[in-house]
Amino acid sequence: MHTKIKSILSLSPVMPVLIINTIDNLENLMSSLIEGNLNNIEITLRTSCALKAIEIVANKFPELKVGAGTVLNTTDLKNVKDAGASFAVSPGSTYELAKMAVDINFPFLPGVSSSSQIMNLLDLGYKHFKFFPAEASGGIKYINSLIGPFPDIMFCPTGGINENNALEWLNQKNVICVGGSWIVPSNIYDFKEITNKALLASKLLQ
Ligand code: 3PG
């Protein structure tokens, strides 16, 4: 499960974080992201239709790795697995949640913003973390400070990352990819604009 999350995070330099308020237009939205060469997405469990959206995307877009975000407890983890999510992401973590993901062999990216949180998860074999909220928790200066004590750990920073600072984050040695809501900013979708933003994001490291 730890190597599976690494290969998912390696698919694209940017993982769009989506808050889906309605499943209307969901298929057009996914097509616009695929056209923009982004292959992994995170649908947050922050809306009542999020699980349904994950199920639809998992069934209709096998070329996309759909992850579930804002997974807060073991019930959420079970629900997103049942809905067909390929991986789960959380803003923080609890022992129960992180242990269950290992036990059921489900790719999981736990959120951290301190060394103690990292150390607790290292004990369970985790090597990849979401660094959240990235800008508010100390930004690039902070993540650089983690290379010394945790040289083998890689992060997907999210929270405050956008088209202006994504490349700088991606250039850090311990950053495997970044995530953010800037590709799909609202519920009023301009699909052409989303594809353009996705294309720019997909080429950030070229
Ligand atoms: C997340 O859950 O990763 C964040 O809400 C994304 O943060 P952003 O909206 O600042 O990109």
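Modeller: The protein chain is built from nine helices and nine strands, where helices (H or I, at least four residues) and strands (E, at least two) are DSSP runs numbered from the N terminus. Its radius of gyration, taken over C-alpha atoms, is 16 Å, close to the 17 Å that the globule rule (2.2 Å times the number of residues to the power 0.38) gives for 206 residues, so the chain is as compact as a globular protein of that length. This is a predicted model, in which local features need pLDDT of at least 70 and side-chain atom pairs count only at pLDDT 80 or more, while totals for chains, interfaces and linings use all residues. Residues are numbered from 1 along each chain as its sequence is written, and side-chain values use heavy atoms, with hydrogens and water left out.

Of the 206 residues in the protein chain, 49% are buried, a term that means under 20% relative accessible area, with exposed over 50% and partly exposed in between (1.4 Å probe, protein chains only). Turning to the cysteines, Cys49 counts as buried at 13% relative accessibility, and Cys177 counts as buried at 0%. The closest cysteine sulfur to that of Cys177 belongs to Cys156 and lies 3.6 Å away, too far for a bond, since a disulfide is a pair of cysteine sulfur atoms within 2.5 Å. By this rule the protein has zero disulfides.
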